[in-house]
Number of protein chains: 2
Amino acid sequence: MNDKTADPVTLISQLVGDPSSADQVIWDDFTPEFTADVLEQLPAPTREVVWLSLTTDQRTAVLPQLDTPVQDSLIFHTTNDELASITPSLPLRTATLVVEQLDSKSAAAVIDALGLTESEAVQRNLASAPDSVLRWMRDDSVTIQADWALSEVVIHLKSNYSSLPWYTNTLLVVDENQHYLGKLPLIMLTTRSPETLVRDVLDNDTNVILSSANEAEVAALFDDHRLIQAAVVDEDQRLLGRVTIEEALTVIKKRSGDQFMKTAGMEHDTDLLATPLKSYKSRGVWLAINLVTVFMAAGVISLFQHTLQQIVALAVLMPIVSSMGGIAGSQTLTLTIRGLSMGQLSRGNLGWLFKKELWVGILHGVTWALVVGAVTAVWFGSPMLAVSIALALFLNLLAAAVVGVIIPVVLDKFGIDPALSGSVVLTTVTDIVGFTLFLGLATWWLL
Amino acid sequence: MNDKTADPVTLISQLVGDPSSADQVIWDDFTPEFTADVLEQLPAPTREVVWLSLTTDQRTAVLPQLDTPVQDSLIFHTTNDELASITPSLPLRTATLVVEQLDSKSAAAVIDALGLTESEAVQRNLASAPDSVLRWMRDDSVTIQADWALSEVVIHLKSNYSSLPWYTNTLLVVDENQHYLGKLPLIMLTTRSPETLVRDVLDNDTNVILSSANEAEVAALFDDHRLIQAAVVDEDQRLLGRVTIEEALTVIKKRSGDQFMKTAGMEHDTDLLATPLKSYKSRGVWLAINLVTVFMAAGVISLFQHTLQQIVALAVLMPIVSSMGGIAGSQTLTLTIRGLSMGQLSRGNLGWLFKKELWVGILHGVTWALVVGAVTAVWFGSPMLAVSIALALFLNLLAAAVVGVIIPVVLDKFGIDPALSGSVVLTTVTDIVGFTLFLGLATWWLL
């Protein structure tokens with residue numbers, strides 16, 4: 001069966017067409033990573049059928065490889081008994097996610113099934129913030145004692161590891177009480193004499209991660225210091241685990257991907273192939289907020305109904321003023337959000353950015369006011385209509401530049417993510433300012 | 001002078017206030033990375049003053065650490081003589097960027113100043129595509145010969161390296177003709193006996209990068225196979241260089257950051273602190289395209305001037321239909337673009353996604369048609385006006401779902417980046433469909 005299905009696209013097509021054929025696929029021929037990829041690309045209902053066709057061992061291997069939204073939905077479709085049986089074999093991070101999804105009674109049963117160390121670690125994780133490093137650090141550090149000779153280190157490695165865990169380029173050195181002292185590059189084992197003591201050749205390590213660190217801090221640490229792995233320590237400097245560049249990469253990608261999704265109000269709908277009902281619910285809030293703001297804009301227009309009745313050309317032209325303001329403002333907004341998220345914006349250069357964006361707004365304001373004014377004059381043959389739209393457009397582009405810088409900076413200061421709410425605040429401002437200016441000036445000059 | 005300025009924000013504030021104070025900063029007290037960070041956060045004019053205050057050695061160290069747009073602008077502000085003197089000391093990637101920015105006469109002079117190998121490499125890079133791996137691979141691979149014993153490898157490392165280059169967890173093994181054979185994990189030097197031959201313990205390496213690879217392919221390779229470094233080979237399997245996770249990370253971040261910037265038409269204005277004139281120019285095309293599309297929408301509205309004159313409420317309500325369509329469509333569009341860029345969308349599941357988004361569109365269409373219809377009925381007391389806007393909104397949300405999936409898939413098929421042009425195509429469709437339906441239905445039913 002499997003010889004024709006090594007190509008994921010073919011396999012996915014086949015499973016979408018006939019989910020029950022999952023029973024005939026020999027999943028053990030594939031790596032857990034491959035199976036996870038296929039599951040992520042299956043429609044949510046098909047995904048559940050395929051998930052149920054896997055053996056317990058296969059599920060234990062595949063679950064940690066899945067994207068978080070897919071993980072969540074499949075945990076939801078696994079019985080509590082099975083979760084209790086697979087959780088002890090899962091990495092700590094995935095185990096925490098599992099326990100978190102269960103009601104308190106089932107969660108207690110699953111925790112009971114864990115060993116003492118694991119159950120303590122899971123409970124510590126549950127008590128920590130959702131983006132805390134404790135939740136997603138690894139527990140596979142290769143640790144050695146400071147008072148060992150290098151020859152002892154070699155014996156330790158040879159007898160305990162057939163191969164080292166991924167991303168282990170240095171060994172983590174601790175004292176007898178598990179306090180983290182620094183790291184020993186593997187190459188030292190080759191270039192130094194065997195009787196050398198670890199404590200004499202270890203590298204002091206200032207790039208440690210405190211257990212209170214969040215995703216942003218870890219991402220910044222890996223970004224700034226070319227690390228392959230970093231030790232996680234508690235407030236007493238005791239070694240708790242490690243973060244490798246793999247986790248850091250996941251966090252970095254998640255943060256920029258999140259930014260992209262957030263600007264469309266899609267931060268809760270990241271599962272491409274969720275069920276329609278789930279997507280419907282998770283996108284509703286954003287559409288509701290937008291509806292309120294667009295009704296505010298409609299309210300502004302309604303104040304000028306008398307003017308619109310006299311000069312119907314205003315109704316034709318008004319989308320131009322609001323749309324150009326929205327686009328220009330979103331350019332400034334996007335640049336500012338990116339500068340904030342990359343840590344390139346501070347009180348040292350904010351004033352300069354503001355002045356610069358205002359100048360860009362003035363230049364674009366003049367350019368597009370002239371273009372739109374000229375087209376309007378030719379189209380409707382009314383010089384004063386042309387002057388009204390030109391002035392309204394110019395001022396709206398200035399407003400767009402100002403709020404495009406101010407909104408994200410202010411939202412960020414109050415701890416609100418500007419990628420999430422910036423664009424809706426911006427277009428509300430540019431719509432209302434644009435309609436008020438254009439219809440107001442026209443009422444004043446043309447009636 | 002430097003003791004008060006170790007904090008970048010303070011230093012940036014001071015330099016923005018008085019650029020000439022750059023002369024008093026002792027830049028050698030800082031790492032090149034720190035200086036690069038500061039330069040990136042300075043306004044473009046100040047940045048140039050500071051750049052000119054650096055010594056040639058400092059510039060050589062700092063230039064490779066800068067973001068590409070900042071690099072480009074500073075190369076532009078360096079004399080050709082100085083470029084000719086620093087280029088031989090630059091990493092290959094940066095050297096290529098320098099030569100690329102020069103006119104052909106100065107470029108020839110700089111290439112002449114390079115050694116034979118470097119000048120060949122630079123010319124090969126110039127002939128390759130801008131996102132080709134040849135441009136940004138590293139030339140610091142640690143290579144060893146297959147017929148050496150491990151003891152010879154250790155001697156080679158001890159006599160040639162005081163420390164290994166960043167991200168060297170494996171040694172790259174070649175034959176006498178530089179053909180790449182595989183990699184040797186450093187730990188082998190410790191765990192195997194010294195007389196073992198390299199060829200007998202090397203790992204076959206299937207994760208090599210062909211010289212024809214582009215950014216997307218390299219990003220996918222590192223993403224899928226937990227690599228720290230990968231060898232770059234030509235079509236004859238000859239080793240050309242290596243890519244480490246650092247470059248891969250830069251590419252991955254660039255690609256997701258690019259996506260975010262592109263959706264606002266900002267892909268050519270990535271320098272937060274460029275001069276106003278530069279930003280004005282690079283954003284103009286996007287505003288011009290938007291102006292054309294919004295004039296098309298205005299053209300549609302103008303077809304219904306007679307109706308608008310009779311029923312001014314239409315002018316008040318029409319932004320609601322177009323705005324809700326635009327927001328709902330951009331949600332579908334964002335999800336589809338993300339699915340495409342993450343490789344989760346194929347002909348195997350595209351049909352399902354399409355049906356799912358259509359269902360989400362139907363559900364939202366019914367929901368918001370009822371809400372907006374009810375508000376309209378109460379606000380304007382006209383049942384038929386309420387029915388018109390409800391039906392127009394419902395159909396526009398369906399159209400938004402359909403084009404939200406189709407546009408990115410079609411653009412992608414034709415090799416056009418959907419993040420760049422998807423949103424402008426989408427809002428053009430939702431504006432025109434929305435205005436036509438609402439004003440058309442109202443003309444039919446209400447006049």
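Chain A contains an open sheet of three strands, ordered β4-β5-β6, and its pairing is mixed. The edge positions belong to β4 (209–210) and β6 (239–244) of chain A; each has a single partner strand, so one side of each is left without a neighbour in the sheet. As you look at this part of the structure, please keep in mind that the model is predicted.

Strand β5 of chain A covers residues 229–233, and five bridges join β5 to β6(A), the two running antiparallel.

## Domains of chain A

The domain assignment divides chain A into domain 1 (8–131), domain 2 (143–262) and domain 3 (276–446). Taken over C-alpha atoms, the centres of domain 1 of chain A and domain 2 of chain A are separated by 28 Å.

## How the two chains are related

How many degrees of rotation superpose chain A on chain B? The rotation is 180 degrees, with 0.0 Å of shift along its axis, and the RMSD is 0.1 Å. That is the relation of a two-fold axis.

The contacts between the chains can be described in a similar way. Of the interface residues of chain A, 99% are also interface residues in chain B, so the copies meet through the same surface.

## The largest cavity

The count comes to three cavities of 30 Å³ or more. The largest cavity has a volume of about 1,300 Å³. Its lining is made up of 48 residues, and those nearest the centre are Ile327(A), Thr427(A), Gly326(B), Ile327(B) and Thr427(B).

Which elements give two or more residues to this lining? They are α16 (276–302), α18 (313–341) and α21 (418–446) of chain A, together with α16 (276–302), α18 (313–341) and α21 (418–446) of chain B. By class, the lining of the largest cavity holds 24 nonpolar, 22 polar and two charged residues.

## The second largest cavity

The second largest cavity holds about 90 Å³ of space. Thirteen residues, written 13 in the count, line this cavity, with Ala328(B), Thr332(B), Val360(B), Gly361(B) and His364(B) nearest its centre.

Here, at least two lining residues each come from α16 of chain A and from α18, α19 (350–380) and α20 (383–413) of chain B. The lining of the second largest cavity divides into six nonpolar, five polar and two charged residues.

How values were computed: Residues are numbered from 1 along each chain as its sequence is written. Chains are lettered from A and ligands numbered from 1 in the order in which they are written. This is a predicted model: local features need pLDDT of at least 70, side-chain atom pairs count only at pLDDT 80 or more; totals for chains, interfaces and linings use all residues. Side-chain values use heavy atoms; hydrogens and water are left out. On a 1 Å grid over the protein atoms alone, a cavity is a set of points where a 1.4 Å probe fits but cannot get out, and a pocket is an open set with protein on both sides within 12 Å along at least five of seven lines; lining residues have an atom within 4 Å of a point. Grid points are joined across faces, edges and corners, and a volume is the space filled by probe spheres set on the points. Helices (H or I, at least four residues) and strands (E, at least two) are DSSP runs, numbered from the N terminus. Ala, Val, Leu, Ile, Met, Phe, Trp, Tyr, Cys and Pro count as nonpolar, Asp, Glu, Lys and Arg as charged, and the others, Gly among them, as polar. Copies are superposed by least squares on the C-alpha atoms of residues with pLDDT of at least 70 in both. Contact means heavy atoms within 4.5 Å. Domain bounds come from an automatic or database domain assignment. Two strands pair if DSSP finds at least two bridges between them.
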